[in-house]
Amino acid sequence: MFDKHWLRWAITAAMLILAGCGGSEENPDSSTQVPSSEFTQEGPRDTVANEKPEVEPLPVTISVSAQLRSDQRIEVEGQTNLPENARLLVIVEREASGVRWQSRTNVEQGAFSVGPLGPGSGMPDGNYRIIVQLSEAPVQPEQVQQRIGQQGQHLTGELVTVSRHGLGQFASYSQRYLIGREPQGDRKEVRVLERP
């Protein structure tokens, strides 16, 4: 009787061992292992799929025109290749006193405009500087940051400079203007604004 139970136990154990070994051979599709050659081929594809496409450099261009209105205040218009909705700061500064008038605006279809800028009594005669600055990347809308970079790193050209506040690169355009009588000094690169 001992031999009979022992024989049943041995046969059952042998059948279980054979069933466990034979399962992967009978149905190879159920295997969860991936051959090493397939793993190495898929690995680089996954890496490439997760990489962000490289952004082209953006050589910044800004051009400005200004005019005196009938109330002797200044309107500023400009063209630029900066992205749609890029935030700009436009400043008119009187060189003699350092007094500034400024306005914020956004790029719309490659253009921007602000005004009127200046005191209610109108701009006195003298030299002025008009400055147009692209605000630093962290304060720009997300779609603008994607084009210029989160630190403005995709901006290039002579208008691009590094922020003193550690906020990366930004763009700045500057042009001198004269209102009224001709100054006694250097008029190099000074544009004259005629009174209406």
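How many helices and strands does the secondary structure of the protein chain come to? The count is 3 helices and 11 strands, and everything here is read from a predicted model.

**Figure 1. The whole chain, from fold pattern to confidence.** Along the sequence, the elements run α-α-β-β-β-β-β-β-β-α-β-β-β-β. Of the 196 residues, 33% count as buried. Take the contacts between residues at least 6 apart in sequence: 58% of them join residues at least 24 apart. The chain exposes about 13,300 Å², with carbon and sulfur atoms supplying 50% of that. Average pLDDT is 79, and 69% of the residues score at least 70.

**Figure 2. Two stretches to read with care.** Over residues 23–28, pLDDT stays under 50, and the model has 0 contacts there beyond four places in sequence. Residues 30–48 also stay under 50, with 1 contact beyond four places in sequence.

**Figure 3. Inside the largest nonpolar core.** This core has 34 residues, and I62, V64, I74, V76, L82 and V92 touch the most other members. Several elements give it two or more residues, namely β2 (62–68), β3 (74–80), β4 (87–94), β6 (111–117), β7 (126–134), α3 (142–148) and β10 (169–179). As a bit of background, nonpolar side chains in soluble globular proteins tend to be buried together.

**Figure 4. A closer look at V92.** V92 sits in strand β4. Is V92 buried or exposed? V92 counts as buried because its relative accessible area is 0%. Leaving out residues up to four places away in sequence, V92 touches I74, V76, V99, R100, W101, L117, M123, Y128, R129 and I130. One of these pairings, V92 with R129, spans 37 residues in sequence but 5.8 Å in space, C-alpha to C-alpha.

**Figure 5. Salt bridges around R69 and D71.** The structure holds 5 salt bridges. The side chains of D71 and R69 meet in one of them, at 2.9 Å from N to O. D71 is partly exposed at 25% relative accessibility, and R69 is partly exposed too, at 27%. R69, D71 and E75 are linked in a salt-bridge network.

Figure 6. R100 and E93 pair through their side chains at 3.1 Å, N to O. R100 is partly exposed at 44% relative accessible area, whereas E93 is buried at 17%. The side chains of R176 and E95 meet at 3.0 Å, N to O. That pair links distant parts of the chain: R176 lies in strand β10 and E95 in the loop between β4 and β5 (100–106), 81 residues apart. R176 is buried at 18%, while E95 is partly exposed at 31%.

Conventions. Residues are numbered from 1 along each chain as its sequence is written. This is a predicted model: local features need pLDDT of at least 70, side-chain atom pairs count only at pLDDT 80 or more; totals for chains, interfaces and linings use all residues. Side-chain values use heavy atoms; hydrogens and water are left out. A nonpolar core is a set of buried Ala, Val, Leu, Ile, Met, Phe, Trp, Tyr and Cys residues joined through side-chain atoms within 4.5 Å. Buried means under 20% relative accessible area, exposed over 50%, partly exposed in between (1.4 Å probe, protein chains only). Helices (H or I, at least four residues) and strands (E, at least two) are DSSP runs, numbered from the N terminus. Contact means heavy atoms within 4.5 Å. Accessible areas come from the Shrake-Rupley method with a 1.4 Å probe; for residues, only the protein chains shown count as cover. pLDDT is the predictor's confidence in each residue, from 0 to 100. A salt bridge is a side-chain nitrogen of Lys or Arg within 4 Å of a carboxyl oxygen of Asp or Glu.
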